[in-house]
Amino acid sequence: MASKQQPKQSKSKLEVLRERSVQAEQGGGVARVDKQHAAGKKTARERIEFLLDEGSFEEFDKLVVHRSRDFGLDKQLYPGDGVITGHGLIDGRNVFVFAQDFTVFGGSLSETHAEKICKVMDLAMKVGAPIIGLNDSGGARIQEGVVSLGGYADIFLRNTLASGVVPQISCIMGPCAGGAVYSPAITDFNVMVKDTSYMFITGPDVIKTVTHEEVSKEQLGGAITHNSVSGVAHFAADSDEHALRIVRELLSFVPSNNLEDPPRVDATDPIDRIEPKLTDIVPEASNQPYDIRDVINSVVDDGYFFEVQQMFAPNICVGFARLGGRAVGVVANQPAYLAGVLDIAASVKGARFVRFCDCFNIPLVTFEDVPGFLPGVSQEHGGIITHGAKLLYAFAEATVPKVTVITRKAYGGAYCVMASKHIRTDVNFAWPSAEIAVMGAEGAVGILYRRELNDAQDKESARNTRIVELQDKFANPYVAAERGFVDEVIEPAQTRPKLIRALSLLENKRDTNPPRKHGNIPL
């Protein structure tokens, strides 16, 4: 007698859940994961695990799949749909994160992919926590047409609304092209990975077709290009791991939102530390360079300066440090490059950084040694007036504590722009080597005594005599100090304790701007 066939047992609900979770964690499959590793890149999940405190990641929308049924996509339903989203901890602080998964549809953005990102961005703004985006995507999912484009616009809107509310950090860890680049462009900081990441509006093939220019992806939009030439990126990492360590370090200096103060640490570096080597750091000849980083490192806690955009516009240095355990933003002219002159790139770099610090309650410390704005036809035609005004506007608008140290030159309009007393800087110090004047003595003599020098028998001697006279009169900080434009002329060795005391004084500072929807910065 034939045995009866046993009915097939259906899977339990718990088994179905576990099965789908495993599918989501496998991404696009073993072959695609291996290909990602072969390219020197981590997978999206590996990146999140490396970025966040161990075991702290909580995932959202793990089982979401796309809604498109066109072009055979109905047979390719990957749980997660090419992006991993959720929240976790960095040094015990809440953060929200999304990581695009290149192993699933090349990380392309679909309607559901975008909805997942928007969900964590909305929640981040509600709870006041930073947003970290790990970008690795081939762009909009072509099969979904305008729906995927709408998804990008939804993200752009949230980037804009979150700006100045919570810190936003983008890591470019693979391709980021076309309209996708505008989301990282709105965020506060961009970290790119050398050799494996790139950003551009139009790729090399399109450029060759339209303009007949031949360029590689790396030359067009690689990490070094955007760090040194365009200024689009702020850091160039050597690997995925390095990029994620940069993000963790960056967050250690900034608050979780615009209503909090930056994190403080217990200072191990004595707050009253005197630094005698600062006495001789500025050369006696005013046309001789020195590295402003030597000044910064000598003053800040433990000699540690976390520089931002180091490769771009090196005539100005910006970055984060600590003074007495307090996080501060540092802006400094760099006499070792172009004499520290302000040009278009330096003005834009400085303005953007100042505004970030002001958004997130980070005090500003300015080290000034500036001979003026860079002259030249290219600068004038490129808009140095408008771009220089950005830096002026940013400093003037900022309501955070502001302290300035003039180490040497403070000439012309650049003196006004670099956080002078006249634009609401709270405490202004000057070293005895400071030179505060409309212009250098050499240039001033040529204007003030032109006729006299033309009539002189010994023109060189007459010129040198007048230069010495003007240097004695103006190449010092005492005229400005007599007017109250400089609060105190200090010994260079005393700079660290003076700055820490000033910042302690200003800790409860309150300043406001006139009621308005927003100002109209000269963009």
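Asp122 and Arg158 form a salt bridge, with 2.9 Å between the closest N and O atoms. The pair links distant parts of the chain: Asp122 sits in helix H4 (residues 111-127) and Arg158 in helix H5 (residues 146-162), 36 residues apart. A salt bridge here is a side-chain nitrogen of Lys or Arg within 4 Å of a carboxyl oxygen of Asp or Glu. Helices (H or I, at least four residues) and strands (E, at least two) are DSSP runs, numbered from the N terminus.

This is a predicted model, in which local features need pLDDT of at least 70 and side-chain atom pairs count only at pLDDT 80 or more, while totals for chains, interfaces and linings use all residues. Residues are numbered from 1 along each chain as its sequence is written, and side-chain values use heavy atoms, with hydrogens and water left out.

**Salt bridges**

Asp122 has 28% relative accessibility, so Asp122 counts as partly exposed. Arg158, at 19%, counts as buried. The classes are buried under 20% relative accessible area, exposed over 50%, and partly exposed in between (1.4 Å probe, protein chains only).

The structure holds 27 salt bridges. Three of them are tabulated here.

| Pair | Closest N and O atoms |
|---|---|
| Asp122 and Arg158 | 2.9 Å |
| Glu241 and Lys42 | 3.6 Å |
| Lys208 and Glu214 | 3.6 Å |

Glu241 forms its salt bridge with Lys42. This pair also links distant parts of the chain: Glu241 is in helix H10 (residues 240-251), Lys42 is in the loop between helix H2 (30-38) and helix H3 (44-51), and 199 residues separate them. Glu241 is partly exposed, because its relative accessibility is 27%.

Lys208 pairs with Glu214. Lys208 is partly exposed at 43% relative accessible area. Glu214 is exposed at 65%. Elsewhere, salt bridges that share partners join Asp269, Arg273, Glu275, Asp301 and Arg496 into one network.

**Helix packing**

Two packed helices are described by the angle between their axes and the distance between the axes. Axes are lines fitted to C-alpha atoms, for helices over the stretch in contact, and angles run from 0 to 180 degrees between N-to-C directions.

H4 and H5 pack at about 10 degrees, with axes 9 Å apart. They are therefore roughly parallel; angles under 35 degrees count as roughly parallel, over 145 as roughly antiparallel, 65 to 115 as roughly perpendicular and the rest as oblique. H4 passes H5 in a left-handed crossing, meaning that the near helix is turned anticlockwise from the far one by less than a right angle. Asp122 and Arg158 return here, among the residues where H4 meets H5. Contact means heavy atoms within 4.5 Å.

Helix H12 (residues 344-359) packs on helix H14 (residues 384-397) at about 25 degrees, with axes 8 Å apart. That makes H12 roughly parallel to H14. The crossing of H12 past H14 is left-handed. On the H12 side the contact includes Ile344, Gly350 and Val354; on the H14 side it includes Ile384, Gly388 and Leu391.

**Strand S7**

Strand S7 (residues 189-193) is mostly covered, with 5 of its 5 residues buried. In a regular strand the side chains alternate between the two faces of the sheet. Both faces of S7 are covered: Phe189, Val191 and Val193 lie on one side, Asn190 and Met192 on the other.

S7 pairs with two strands (pairing needs at least two DSSP bridges). Strand S5 (residues 168-172) runs parallel to S7 over 4 bridges, and Ser170 stands opposite Asn190. Strand S9 (residues 235-237) is joined to S7 by 3 bridges, also in parallel. There, Met192 stands opposite Ala236.
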